[in-house]
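Biologist: Could you walk me through this model, one part at a time?
Modeller: Gladly, let's have a look at it together.

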Amino acid sequence: MAFTLGFHIVLACIGVGFPAIILVANYLGLRRNDPVALELAQRWSKVAAVTFVVGAITGTVLSFEMGLLWPEFMRRFGDVFGLPFALEGIFFFTEAIFIAIYIFGWKRLSPWPHFWTGVPVAIAGIGGAWSVVAANSWMNQPDGFKLNADGTVTDVSPLDAFFNGAVAYEAPHMILAAYLVTGFLVASVYAVGMLRGRRDRHHRLGLLIPLTVAVIVTPIQFAVGDTAARSIAKDQPIKFAAMECVQTTDTHVTEYIGGRCTSDGVKGGIGIPGLDSWLVGFSTDTEVIGLDSVPPEDRPPANTLLHWAFDAMVGICSVLILLGLWLGISWWRKRDIPKTPWFLRAVAVSGAAAIVALECGWIVTEVGRQPWIVYEVMRTEDAVTEASGIWVSLSIVIVLYTALGISTVLVLRAMARRWREAEDVDVPYGPRPPTQEPPEAPA
Amino acid sequence: MSSADAVAAVLWVGVTLYAVFGGADFGSGFWALIAGGGDRGSRARALIDWAIGPVWEANHVWLIFMLVTLWTAFPEAFSSITSTLFIPLSLAALGIVLRGAGFAFHRVARRRGGRRLAEAAFGVASVLTPFFMGTVVGAVASGRVPIGNAEGDPVTSWLNGVSLLLGALFVAAGAYLAAVFLVSDARRFGDQQLVAYFTRRALAAAFVAGALAIAGIFVLHDDARYLYDGLTSEGLPLVLLSLVCGLGALVLLWRGVARGVRPLAVAAVVAVIWGWGAAQYPYLLPETLTIEQGAGASETLTAVLVVFGIAVVVVLPALALLFVLDQRSLLEEEAPTE
């Protein structure tokens, strides 16, 4: 499950973030009569078609896995936190319908109506992400039900479950992450192209449009993430303690960057005295709850990994903000991207870095919640299936997804190569069949 | 009607839509698989690509709709089914991955080898996925899924007469629907040769599906008595309706009439599904778990009904738009002969 989710999360991000970036290009192309922007939008939509399919099938697999792997979890809580999935179903449906219209509508639909068929895709992507994350944040901060003494679930309120305490920061954090990851990822592809000497307008725009989206989102993401961390310190203190390697509850807690977590504190790493307390409550007197507040069996595993994942996420986000500042200053002074190849090199690795940050964030929220599947309500080991053969199926899944990932990349590369070789295979919004009315805005 | 019954009806709508649209989609994959090489085979495959390209993803969202409704409204049934039937469901999920990836990749693959591989994955998975889903349905229908975490037999629950028969029937029914739809698509595209080609296949698939259905009567009689009794009492009118529609569609196909074939073929499938629903009522898992017993919290059932209402308002018009644009040939990247 972890593996398939870790795979799906990247594609889901592209599915949420890409449509908006495509629409920006489409809009610019129509507004400014810019055939290059239109061509980018059209090609990107074809790429999105492929990633959307892979995202959709991996998402379908996940919905199978909910039952295949966690039948006890679903049996007890399926009716409590199922509503977000039902809503996500609607959003996903809308997305699937309009993405099909948008992708297949380039030739025969009129330009502006065609643009508008893409808008629901972007909106549904946001709604769908919100819904799915609502289900996940419910696992972090369960709400909307009561437990009887014998463990049975009563007084179910699906709305309270949907609007649980964690969704208000988790969902925006995830949606912004989607824009951030997609923006840097797409930009990095064009940065590589420019480093190889392809300096035409096509590559410049292909770099600038997604990169602009990403650098605008990054600082906002940093602030949202900061709020999220503070909320976690309050509502899921054990997760926070594990993220920051806080062993004992105390005030004036040192913030460690890097290092190895042991039961007597952090070994190695850079320590800044009092900063952790200050980050939690804007005062070094703030008490931070430590791991010793719960028995060892209730503490998350792989403490060092968690701590590193958290630091890596924050670190990468900070570096990406600097990258954005670099671009911003250069644009402000010269109306151009920085001349040095080091800028392009930085952008070229930013996509991979953003994905690493994404996976780290996901590790923090999921591994940090262990040993619970529903925080302080149900243990993961009590949720799992008793069917045999999980290990076989895990091995098959790993092989299959590796193949899937490789073929996705190969197919996208093949598409790119074909586009480079045959420049004019498709022209957006034309040629149009003679029976139709002439296009409103010649492109 | 209680709210649990209402949600069960909603679930059944999802099952029906998935059977019709998803089934036709799987069936198209079946025809693509056996079309073979050569000029005629590749033209048939091109028509299939052209026909299902814009709509196939939307067709499969119904599956997600079913799964989500089942686990939200009937968590007990969901977890019992998924844990006992771990193997066929995993295989069906595997098929979905291979099929989707195969279809998405074969359109854009550059090398012939890659394209062939993707096409093969799409075709083979189009047969295996509905087959395994059929075995799952057979396991549920014949009462082989007890309540609990993997309480049923992991193998014989879905490797038995009823399951195998239903697996085969699902493949045949999908192939039949697909062929009927492809006849219309070929006509829309103006290729008379392909019209004849898929008419022959639709007739063949109809006979196979009919034969399997007749064989099914005997298998159900021996092995799924509750369902058999239901189909021959409460469900009987719908079974007969399905028979009439199926025969009507056959006659029209035989005579080459364009209008009315698709509605009749769809009606035949829909009627038999609702006949099955009527026969199994009031059980989710025949003779172990009723709809009322398996239902989740009543607040959740209400919420599911509200969400379904929203879906009807939001999704159906969008879906209608998609199908209208598709049928008017406004959604295409390139002509199918290219």
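Biologist: Which residues have the most contacts inside the largest nonpolar core?
Modeller: Keeping in mind that this is a predicted model, the residues with the most contacts inside that core, which has 289 residues, are Y176(B), A179(B) and L182(B).

Biologist: And which helix gives the largest share of this core?
Modeller: That is helix α7 of chain B, spanning residues 161-189, which contributes 19 residues to the core.

Biologist: What is L182(B) in contact with, leaving aside its neighbours within four places in sequence?
Modeller: With those neighbours set aside, L182(B) is in contact with S28(B), W31(B), L47(B), I48(B), A51(B) and F198(B).

Biologist: Changing topic, how many residues of chain A are in contact with chain B?
Modeller: On the chain A side there are 54 residues, and they are in contact with 58 residues of chain B. The elements of chain A that each give two or more residues to this side are α2 (35-69), α3 (71-81), α4 (83-104) and α14 (390-421), and the largest share, 15 residues, comes from α4(A).

Biologist: How do the residues on that side of chain A divide into nonpolar, polar and charged?
Modeller: They divide into 33 nonpolar, 14 polar and 7 charged residues.

Biologist: Now T290(B), where is that one?
Modeller: T290(B) sits in strand β2 of chain B, which covers residues 289-290.

Biologist: Why does T290(B) count as partly exposed?
Modeller: Because T290(B) has 16 other C-beta atoms within 10 Å, whereas a buried residue would need 20 or more and an exposed one 12 or fewer.

Terms used:
Residues are numbered from 1 along each chain as its sequence is written. Chains are lettered from A and ligands numbered from 1 in the order in which they are written. This is a predicted model: local features need pLDDT of at least 70, side-chain atom pairs count only at pLDDT 80 or more; totals for chains, interfaces and linings use all residues. Two residues are in contact if their C-beta atoms, placed from the backbone, lie within 7 Å. Helices (H or I, at least four residues) and strands (E, at least two) are DSSP runs, numbered from the N terminus. Ala, Val, Leu, Ile, Met, Phe, Trp, Tyr, Cys and Pro count as nonpolar, Asp, Glu, Lys and Arg as charged, and the others, Gly among them, as polar. A nonpolar core is a set of buried Ala, Val, Leu, Ile, Met, Phe, Trp, Tyr and Cys residues joined through C-beta atoms within 7 Å.
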